[in-house]
Amino acid sequence: QVELKESGGGLAQIGGSLRLSCVASGFPFSSYDMAWLRKAPGKQREFVAAISSGGNTNYADSVKGRFTISGDNAKNTVYLQMNSLKPEDTAVYYCKAMLLGLWGQGTLVTVSS
């Protein structure tokens, strides 16, 4: 079965950290560029970070220096390490296999004091 499954969301304090995971199955994970996107309440979905099959990374300006995307081909998993969290990071975070157009179900991150 071809799917992406995110985990790791939850409630974090302002300035805190969370690590999101996205496990891929049913396709050759190491061959695909992967991305994290998010959708905050009342806003459109937006790009957060991406990692190419060659390991090159790209970030939205709003998360640059705070978030780190990485991948583990042995585990078919892409991660998003989120540090120095802000209330505006509150959103549902989605993993996407870019050329496949495959999305995960999302994981909710809430940042609050």
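1. Two aromatic pairs are counted in this predicted model, where rings of Phe, Tyr and Trp (its six-membered ring) pair if their centres lie within 6.5 Å, with planes under 30 degrees apart counted as stacked, over 60 as edge-to-face and the rest as tilted. The rings of phenylalanine 27 and tyrosine 32 have centres 5.5 Å apart and planes at 90°, so this pair is edge-to-face. Tyrosine 94 and tryptophan 103 form an edge-to-face pair, 6.1 Å centre to centre with 85° between the planes.

2. On the basis of the model: it is predicted, local features need pLDDT of at least 70, side-chain atom pairs count only at pLDDT 80 or more, and totals for chains, interfaces and linings use all residues. Residues are numbered from 1 along each chain as its sequence is written, and side-chain values use heavy atoms, with hydrogens and water left out.

3. Tyrosine 94 is buried, at a relative accessible area of 16%, whereas tryptophan 103 is partly exposed at 29% (buried means under 20% relative accessible area, exposed over 50%, partly exposed in between, with a 1.4 Å probe and protein chains only). The charged end of arginine 45 sits over the ring of tyrosine 94, 5.1 Å from its centre, and also over that of tryptophan 103, 3.9 Å from its centre; the rule asks for NZ of Lys or CZ of Arg within 6 Å of the ring centre and within 35 degrees of the ring normal.

4. One disulfide is found in the whole structure, a disulfide being a pair of cysteine sulfur atoms within 2.5 Å. Cysteine 22 is joined to cysteine 95, S to S 2.1 Å, and both cysteines are buried.
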